Amino acid sequence: VHDGRSGVAATKELLPDLVLLDYEMPELDGLQVIDELRACEETRHIPILLNSAARVNMADIQKADGFLSKPFPESLLNEMLDRVLSKRRANR
C-alpha cells in the first residue's frame with residue numbers, strides 16, 4: 001500500500017503473517033501504524049519488520065519485531081523475515 005492509513009486498513013482486512021513497514025510514510029508514519037496495530041486485538045500478534053533510510057532511535061526500533069536499514073540486500077531481508085517468523089512460531 002502507499003500510505004500508513006491504508007496499511008492499517010489492509011492489515012486489519014488481510015491479517016497477514018507479517019507486515020513489512022516503512023518508517024516514513026504519508027498519512028500515518030510507521031510508528032503510528034505500529035501503535036494502531038498493537039492496540040487492535042486482531043492485529044497485535046502480527047510481527048512487524050520496520051525499515052528505513054532515516055535515522056531511527058533505539059526506542060522506536062524496539063516497537064517493531066525487527067529492523068532493516070535501507071538499502072539492504074535481498075539476502076538480509078530474507079534472513080530477517082525467517083528470523084521474525086520463526087520467533088512468532090516459537091511463541092505460539
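**Note on a predicted model: loops, sheet and pocket**

1. Start with L15. L15 is partly exposed, with a relative accessible area of 43%.

2. Where is L15 placed? L15 sits in the loop that links α1 and β1. Check its backbone too. The phi of L15 is near 45°, which is a positive value, and the residue is not a glycine.

3. E27 belongs to the loop between β1 and α2. Is E27 buried or exposed? It is exposed, because its relative accessible area of 54% is over the 50% cut-off.

4. One more loop needs a comment. P71 lies in the loop between β3 and α4. The peptide bond that leads from K70 into P71 is cis. Its omega is near -10°.

5. Now the sheet. How many strands form it, and in what order? There are three, in the order β1-β2-β3, and the sheet is open. The pairing is parallel. The edge strands are β1, covering 19-22, and β3, covering 66-69. Each of these two pairs on one side only. Neighbouring strands are turned against each other by 25° on average, with direction ignored.

6. Strand β2 covers residues 48-52 and pairs with β3 in the parallel sense. Four bridges join the two strands. To trace one of the partners, find L50: its bridge partner in β3 is F67.

7. What lies across the sheet strands? Helix α4, residues 74-91, lies across β1, β2 and β3. The helix runs at about 175° to β3. The loop holding P71 comes between that strand and this helix.

8. Finish with the open space. The largest pocket has a volume of about 190 Å³. Its lining counts 13 residues. Nearest the pocket centre are V1, G7, T11, V19 and L20. Which elements supply at least two lining residues each? They are α1 (4-14), β1 and α2 (30-39). So β1 is both an edge strand of the sheet and a contributor to this lining, by the rule that names strands as DSSP runs.

9. What is the lining made of, by class? It has 10 nonpolar residues, two polar ones and one charged.

Conventions
Residues are numbered from 1 along each chain as its sequence is written. This is a predicted model: local features need pLDDT of at least 70, side-chain atom pairs count only at pLDDT 80 or more; totals for chains, interfaces and linings use all residues. Side-chain values use heavy atoms; hydrogens and water are left out. Two strands pair if DSSP finds at least two bridges between them. Axes are lines fitted to C-alpha atoms, for helices over the stretch in contact, and angles run from 0 to 180 degrees between N-to-C directions. Contact means heavy atoms within 4.5 Å. On a 1 Å grid over the protein atoms alone, a cavity is a set of points where a 1.4 Å probe fits but cannot get out, and a pocket is an open set with protein on both sides within 12 Å along at least five of seven lines; lining residues have an atom within 4 Å of a point. Grid points are joined across faces, edges and corners, and a volume is the space filled by probe spheres set on the points. Ala, Val, Leu, Ile, Met, Phe, Trp, Tyr, Cys and Pro count as nonpolar, Asp, Glu, Lys and Arg as charged, and the others, Gly among them, as polar. Buried means under 20% relative accessible area, exposed over 50%, partly exposed in between (1.4 Å probe, protein chains only).
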